[in-house]
Amino acid sequence: MPDSKKFFENLSGAGKSIGVLTSGGDAQGMNAAVRAVVRMGIYVGAKVYFIHEGYQGMVDGGDNIREATWESVSSMLQLGGTVIGSARCKEFRTHEGRLRAALNLVRLGVTNLCVIGGDGSLTGANLFREEWSGLLEELVQTGQIDEQAAETHSALHIVGMVGSIDNDFCGTDMTIGTDSALHRIIEVVDAIMTTAQSHQRTFVLEVMGRHCGYLALVSALACGADWVLIPEMPPEDGWEEQMCQKLSENRADKKRLNIIIVAEGALDSHNRSITTDYVKDLVVRCLGFDTRVTILGHVQRGGTPSAFDRILASRMGVEAVLALLEASPDTPACVVSLRGNQAIRLPLMECVQMTQEVQRAMDKKNFEEAVKLRGRSFENNLNTYKLLSYRKPDSEVPKSPFNVAVLNVGAPAAGMNAAVRSAVRVGITEGHTMFAVHDGFEGFSKGQIKEIKWGDVGGWTGQGGSLLGTKRTLPAKHLNKIAEQMRIHNISALLVIGGFEAYLGLLELLAARSKHPELCVPMVMVPSTVSNNIPGSDLSIGADTALNAITNTCDRIKQSASGTKRRVFIIETMGGYCGYLATVGALAAGADAAYIYEESFSIRDLQTNVEHLTEKMKTSIQRGLVLRNENSNENFTTDFIYQLYSEEGKGVFDCRKNVLGHMQQGGAPSPFDRNFGTKIAAKAMQWISKKLKEFYIEEEGRVFANTEDSACLLGMRRRALVFQPVTQLKEETDFEHRIPKEQWWLKLRPLMKILAKYKTSYDVSDSGQLEHVAGLRTPDENEIEKECEEE
């Protein structure tokens, strides 16, 4: 192995004690974070203590601080809230309270704290760290501890994880609990939409977010709400008439319902609060519409954490322990978080300072600045919402001579319809005439093409599957007919939303350009497949929904196994040869093993897993969960593994198997897939507009694009959405197995094994780099990241 790599086996926790607490408002996923800290801590040889009831437990001591065991965090992963309790503590804000907390920690030898909470909790932890040596001096002077103890425990290390459903903490893309809260909101909105449609009603929904409009904004984007009111964007004077006019136009456009989302902290431009009742009375008075109010309240904090939150929290928990092991007395308190799919560490006080800057900007009514400080993710959401929610009058729409076709190719994936809706509406806003192609390339060759208007895609975001219809057929056999249809309908650009077949299809169209000049038009592909096996993109639309389907089913199966005791379930997931769903599903469900094609396994590995489960049955956790990707091995089939486990486990455990099948492709799209589909398709459409201008030959009145960069895939790479010519992606592709040659999520496998108590090697080369918060960087650093995003 190369010397440049750094493995965590060199980091030992022997002799160290870690305290873990949850503080402030609870958030789904906190338990997953606690579980990961406890298991990773024990794994590296440290002692880990639960600090019950947050800072209150630290001040009170006694039974509130108890040593954790491996088994004590079993079955926590799927529970909402926080099992170790959280409380707002006034005493910790006093010097005396912190003195008592310090004494309780020193007595147990705890000098490493992992704090899961909001900015208030993390600021408190940092103050505690800064005062630590002074507090110990005071304890020595009063004779409560001796000098030896003060010297041994002279430095307190703090690592924070942000648990907050509001996503109001700067420096991190997503805080623990935000995705789950969006799930609760969208479940309610989807349910309300059916009743609203029946009665032609308007619903005004209040969601949480006293100082931050993230939940309101993203849920409005994810359900296609008619209007949204958030603290960061107070409406201008006269907004009431504008809103009523828009609701009225939507009804005239055959829309049977209206949804208005209000953040609880929404204000108008004169700093007056905008309440749901005010909005309701306004709609009734001006339009006479039957209007109802729903306040979601604490429903948003409750329920089981989503797959995303479990993975986020598990990764953060492991990263937090690594950060504590590597900390020196000079290391500043840090926050571990995710940017894109990368774990990062940020100085805690920089993040807090930035979060406070947002509030200061809002207090000064400098809302543009506040939105910028919130981060690129918030800004992109806001811009996309503005782009899609307001239909310009025909007089304001630029006239464009271009016809753009949109089609779905491959297997259906949840979120495809959100992407089509977004593309159609952005295309219309840019002045193009949009055409929908039904049934993929096959439908294209048969001329199943018709114009699609703004109102035709209303209500599409929440629909699963593919409303345009999708087929796996590749274009090669139908090239003549496809070229003919391109000519008949005068198609100037193509947007293909689909899976691996869409990628192959684009390569075939590109190769046929020399024979068919009609194909010399800008083409872009947006990855959409549950398998997440597209080269050039770390994520594809539909994978998150499939992951949630797998996780929910595994939760139920684990419950069944816990009831019967001594039972192991073998579960087969989809994905073709790509092990993404099996691996990440296993991490989110707390599985014991996941068999995938990318990591070959032998009969000896299967035997090791059986022995591991046999040992597990001797503990209090008498159940097992094993995931297997459908094509992981042609000989070690699901049946074979089931029979092997049944035979080898005789007398110790019995086995059941479950093939999840096509339920992974179905269902309403998750908030993440709706949002991702909406944003990525809008960006793809803007690229098409740019390329159409670039490749338009005015003298001939036509578009002619025959360069490599006129056929691209728009993918998510690390932290940015990047356009890549499909020809350049060929080298990154294993065409035989339909997977990328390198896949980022493989680095999550050691994590899954560690949390299931397997000894393994874990490359932590990516960890440990303390970065800085975007808004507090130098202009040069900001410029470099901006350039990377625009590439």
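Predicted model: local features only at pLDDT ≥ 70, side-chain atom pairs only at ≥ 80, totals over all residues.
1. Strand 4 (residues 112-117) and strand 5 (residues 157-162) run parallel and are joined by six bridges. Strands here are DSSP runs of E with at least two residues, helices are runs of H or I with at least four, and both are numbered from the N terminus.

2. Residues are numbered from 1 along each chain as its sequence is written, and side-chain values use heavy atoms, leaving out hydrogens and water.

3. Now zoom out to the open sheet: seven strands in the order 3-2-1-4-5-10-11, with mixed pairing (two strands pair if DSSP finds at least two bridges between them). Strand 3 (65-67) and strand 11 (342-347) sit at the edges with a single partner strand each, so one side of each has no neighbour in the sheet.

4. What packs on this sheet, touching strand 4, strand 5 and strand 10 (334-339)? Helix 4 (residues 119-141) does, and its direction makes about 160° with that of strand 4. Touching means heavy atoms within 4.5 Å; for the angle, axes are lines fitted to C-alpha atoms, for helices over the stretch in contact, and angles run from 0 to 180 degrees between N-to-C directions.

5. Helix 10 (residues 307-326) packs on the sheet too, touching strand 1 (17-22), strand 4, strand 5, strand 10 and strand 11. Its direction makes about 165° with that of strand 5.
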